[in-house]
Amino acid sequence: MTTWNLSNMQRHVLICNGATCMGAGAEDVTQQIRDEIRAHKLDDKIHTSRTRCNGRCKDKCVVIDYPKGTWYSVQNEATARAIVHENVFEEQIIYSIEHGERIRGDHRIKGIDKYRNRKGKKSKAVLFVGHGSRLEAGNEEVRKFIDQMRPSIDASVLVETCFLEFASPNIEDGIQSCIELGADEIHVIPIILLHAGHSKLHIPAEIEEAKEQFPDIRFTYGQTIGIHDEIFGILKTRLTEIGFDVDGAHPQTAILLIGRGCSDDAAIQDFYTISNMLYEQLDVMTVEQAFMGVAEPTVEQGIQKCINRGAQKIVMLPYFLFTGILMERMGRMAQRFIEENPTVDISLAQYFGYHPKLQTVLLERLQQAIDGTSTGMQDLENFRKYVEEHGYEHHHH
Ligand code: FES
């Protein structure tokens with residue numbers, strides 16, 4: 001490991017590489033500062049470090065210069081380079097130290113107090129975490145779904161929504177707004193079908209980081225939807241909608257259950273379990289499985305398998321919560337399969353969407369988080385162990 005000789009070092013510049021700052025260009029800021037130092041042969045005198053979140057996300061990108069103790073908010077290359085020469089415009093200064101006193105820049109927000117000594121009733125927030133889609137319609141569906149659920153949640157509980165990737169706010173900002181709105185207790189509930197990397201690592205990483213930042217806030221973590229009885233009700237509704245009689249016998253029909261796909265073996269195993277349970281509840285020739293990516297069989301292979309088994313009718317049944325790029329792709333795939341297989345009756349059912357039973361599951365997950373019966377807390381524990389053993393490179397979406 002690196003061991004620098006720092007005896008000539010005069011300044012230590014900390015460049016925030018927390019999620020919010022990274023999303024606002026902190027990588028470029030890091031490179032620009034380092035480049036300016038190198039260009040002026042100041043490597044000996046100015047040492048730089050990348051840091052995690054410094055707790056001033058609203059001022060992104062944050063750079064801190066010691067021993068002067070000046071905090072900067074950097075939005076462009078000129079400011080990044082000016083830091084090296086200590087001639088940054090006043091407006092870019094968040095905090096400076098004058099006569100031993102910490103002064104906040106005039107137009108900088110005060111921020112929230114680190115420690116709250118509030119007495120009395122705790123104020124609760126639920127923060128729902130959607131996956132997030134490149135297709136804005138998918139994100140809108142998540143927001144609308146949460147709005148619809150609002151009346152079923154105790155009116156005193158604050159309800160916020162955030163996303164893992166592709167949409168804003170991200171989890172870090174979602175947590176921040178709950179706290180700004182006065183929450184002392186935040187229940188983080190993933191809107192995620194299968195328990196895999198996102199729910200095992202990515203969300204716990206954000207919660208653990210937030211716990212460090214906000215030691216007075218209590219966090220709980222809900223479990224994913226997973227294998228839940230209500231799911232079969234949702235799938236049956238989606239089958240009924242396309243004219244499939246879920247109580248009838250369909251000896252020539254194959255159902256192709258199509259998941260997103262992931263590299264987590266346990267999650268894939270759960271998907272197969274769900275598929276088998278669905279088969280037991282229907283009277284069909286077969287329920288086959290396929291994935292839109294990462295895992296196999298692919299959807300093409302799944303369709304082929306159904307055809308090889310002699311299915312006269314194939315129902316493509318998406319195991320997806322909301323719309324998105326993959327749902328659109330699945331629609332185009334279905335069109336193609338229909339054209340290529342004129343003798344087989346192929347149809348595509350709807351994704352879960354605004355199904356009332358999906359609300360039931362998420363409300364149950366929230367209640368478990370509040371009661372302390374959620375397995376999510378174990379996931380946080382597992383994540384901490386995982387970090388001890390393997391380390392964890394924080395991913396920024
Ligand atoms: S991510 Fe930089 S201050 Fe929070």
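Predicted model: local features only at pLDDT ≥ 70, side-chain atom pairs only at ≥ 80, totals over all residues.
Leaving aside neighbours within four places in sequence, M316 is in contact with L256, I258, M330, A334, I346, S347, L348 and A349.

M316 belongs to the largest nonpolar core, which has 85 residues. Within this core, M316 is one of six residues that touch the most other members, the others being L127, V129, L256, I258 and L317. Two of these, L256 and I258, are also among the contacts of M316 listed above. Helix α10, residues 325–340, supplies the largest share of the core, with six residues. In soluble globular proteins, nonpolar side chains tend to be buried together.

The domain assignment of the chain gives domain 1 as 11–104, domain 2 as 124–226 + 358–390, and domain 3 as 243–348. Taken over C-alpha atoms, the centres of domain 2 and domain 3 are 30 Å apart. In the contact of these two domains, 14 residues come from domain 2 and twelve residues from domain 3. On the side of domain 2 that touches domain 3, helix α4 (residues 136–149) provides the largest share, four residues. By class, that side of domain 2 has seven nonpolar residues, five polar residues and two charged residues.

How values were computed: Residues numbered from 1 in each chain as written. Core = buried A, V, L, I, M, F, W, Y, C linked by C-beta atoms within 7 Å. Buried ≥ 20, exposed ≤ 12 C-beta atoms within 10 Å, placed from the backbone. Helix = DSSP H or I, 4+ residues; strand = E, 2+ residues; numbered from the N terminus. Contact = placed C-beta atoms within 7 Å. Domains from an automatic or database assignment. Nonpolar A, V, L, I, M, F, W, Y, C, P; charged D, E, K, R; others polar.
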